[in-house]
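Please look at the structure shown below, together with its sequence.

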Amino acid sequence: MAEKLTAVKGMNDILPPESARWEWFEDKVRALMRRYAYANVRTPVVEPTALFVRGLGEVTDIVEKEMYSFTDSMNGDQLTLRPEATAGIVRAMVEHNALYNGPLRVWTMGAVFRHERPQKGRYRQFHQIDVEALGYCGPDVDAEQILMCRTLWHELGLVEGEDVRLEINSLGQAEERRQHREALIAHFEAHASVLDEDARRRLHSNPLRILDSKNPAMQAIVESAPQLMSFLGEASLAHLNAVRAILDAAGLAYRVNPRLVRGMDYYNLTVFEWVTDKLGSQGTVCGGGRYDGLFEQLGGKPTPAVGWGLGVERLLLLLEAVGPVIAPPVPDAYAVIPDAAALPVAMCTLQALRAAGVNVQMHAGTGEGRGSMKSQLKKADASGARHALIFGADELAQKLVAVKSLRDGSGQQVMQPLADVSGWAATLKPAHADFSES
């Protein structure tokens, strides 16, 4: 017997019925994007390594230790499995001059890869929803994207302020961050004896990331560190206040968190996170912000941009903890075919029903494997279908099919003509053809 192969650790299979939750969620996202006029884009999973080194920054955790990078054996190219989606989208916009006719609102959904220790809600292959508004400089679009997230939470059944909370901050502009950076370095150098190894390594390359430290021994010096808000100029503060004014008008509660930063180098001005305390240490559900400098870093023209990313696995864990139970989809009808001789007529009927929008599962098997009428009816009931379609010899002799109700408790059975499938197909469909919630 051949050796059994298993998936790569931290890269998980998604099988029924779990896959039904994914489909339900993805349908919600697609509908939301249409309502906000965001168009779908799809970029390669593999990109040049230089894209992420240049776009994310050489001293970020992602570039330093989390990327799946390799040398293409065919031509020696340095390639990387994408660790996030934004850089690839901007690369595509620059490469194809996609903003020639004006700004774009786009979104994508797909797998991303991080080489880190797998744990619940944090995997080596995971999936992201990524939303980007490209070419828009105003605070109105920043606020629109935050409110879009809020709408998604409501539609998923999450309670704002209880299951998810909003935190916002401003990273200002480059010169303001430079001044803050110098002040941070001076502050941490004055407390060098308290810094752990990771903080000492970041001190001169990326001191902003020290503010993210979870080391209890460093919390006092992190809390007393200079705040970027103190270095913001009039324009940066005006941008932040304009975002806040819209959120206030919409009645959206939030916390201004001066320690909220981003791991990538390309962010400026507005940054935000939706957080939860329902998932332990994996508290960030969605994060985003403005990144007006990334286009230039990747060889494009100066272009304002703002976006957010959401980890699908982590959000589904949150829904599992606090949200609605998502029932898997079930067929509208289950075809019971006791005799294989009835298959030609039965299968043509089922194709006509499917063409009319009815979801039908056919009982399959040969010889004794087909099972008796009784055993097939049991499987019809177990399938969750609302109706059983019985293609018995007596019914077929009259050019009829028996339609038996399975869910209303009546067990009512009616005869329908095979010659007019389109005339009765609609009676098999539920009032709302969507995944149900309980």
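In helix α11, the residues Val312, Glu313, Arg314, Leu315, Leu316, Leu317, Leu318 and Leu319 are buried. Buried means a relative accessible area under 20%, exposed means over 50%, and partly exposed lies in between, with a 1.4 Å probe and protein chains only. Helices (H or I, at least four residues) and strands (E, at least two) are DSSP runs, numbered from the N terminus. Because eight of the 11 residues of α11 (residues 312–322) are buried, this helix is largely enclosed by the rest of the structure. This is a predicted model, in which local features need pLDDT of at least 70 and side-chain atom pairs count only at pLDDT 80 or more, while totals for chains, interfaces and linings use all residues. Residues are numbered from 1 along each chain as its sequence is written, and side-chain values use heavy atoms, with hydrogens and water left out.

What covers the buried residues of α11? The cover includes α1 (18–35), β6 (125–134), α5 (139–156), β10 (284–290) and β11 (305–311). Contact here means heavy atoms within 4.5 Å. Two packed helices are described by the angle between their axes and the distance between the axes. Axes are lines fitted to C-alpha atoms, for helices over the stretch in contact, and angles run from 0 to 180 degrees between N-to-C directions. The axes of α1 and α11 come within 11 Å and cross at roughly 105°. Therefore α1 is roughly perpendicular to α11. Angles of 65 to 115 degrees count as roughly perpendicular, under 35 as roughly parallel, over 145 as roughly antiparallel and the rest as oblique. At this crossing, Glu18, Arg21, Trp22, Trp24 and Phe25 in α1 meet Val312, Glu313, Leu315, Leu316, Leu319 and Glu320 in α11.

The next element is a sheet. Strands of a sheet pair through backbone hydrogen bonds, either parallel or antiparallel. Two strands pair if DSSP finds at least two bridges between them. Three strands, in the order β2-β4-β3, form an open sheet with antiparallel pairing. Its edge strands, β2 (46–48) and β3 (68–71), each pair on one side only. On average, and with direction ignored, neighbouring strands of this sheet are turned by 35° against each other. Between β2 and β4 (residues 78–81) there are three bridges in the antiparallel sense, and Pro48 stands opposite Leu79 in β4. Helix α2 (residues 49–56) packs on this sheet, where it touches β2, β3 and β4, and its direction makes about 70° with that of β2.

Helix α2 also has a helical partner. It packs against α4 (residues 86–95) at an angle of about 105°, with the two axes 10 Å apart. As a result, α2 is roughly perpendicular to α4. Leu51, Phe52 and Leu56 in α2 meet Ala87, Gly88 and Arg91 in α4.

With β13 (residues 360–362), β12 pairs in the parallel sense over three bridges, and the bridge partner of Ala333 in β13 is Val360. The chain crosses from β12 through helix α12 (residues 343–355) to β13, and this β-α-β crossover is right-handed. A crossover is right-handed if, with the strands pointing away from the viewer, the path from the first strand over the helix to the second runs clockwise.

Strand β12 also pairs with β14 (residues 387–390), in the parallel sense and over four bridges. Here Ala335 has Leu389 as its bridge partner, and Tyr334 stands opposite Ala388. In β14, His387 and Leu389 point one way and Ala388 and Ile390 the other way, and all are buried. Strand β14 pairs with β15 (residues 400–405) in the antiparallel sense over four bridges, with Ala388 opposite Lys404.

Finally, how many disulfides does the structure hold? It holds zero disulfides, a disulfide being a pair of cysteine sulfur atoms within 2.5 Å. The sulfur of Cys149 has its closest cysteine sulfur in Cys286, at 3.8 Å, which is too far for a bond. Cys149 is buried, with a relative accessible area of 0%, and Cys286 is buried as well, at 1%.
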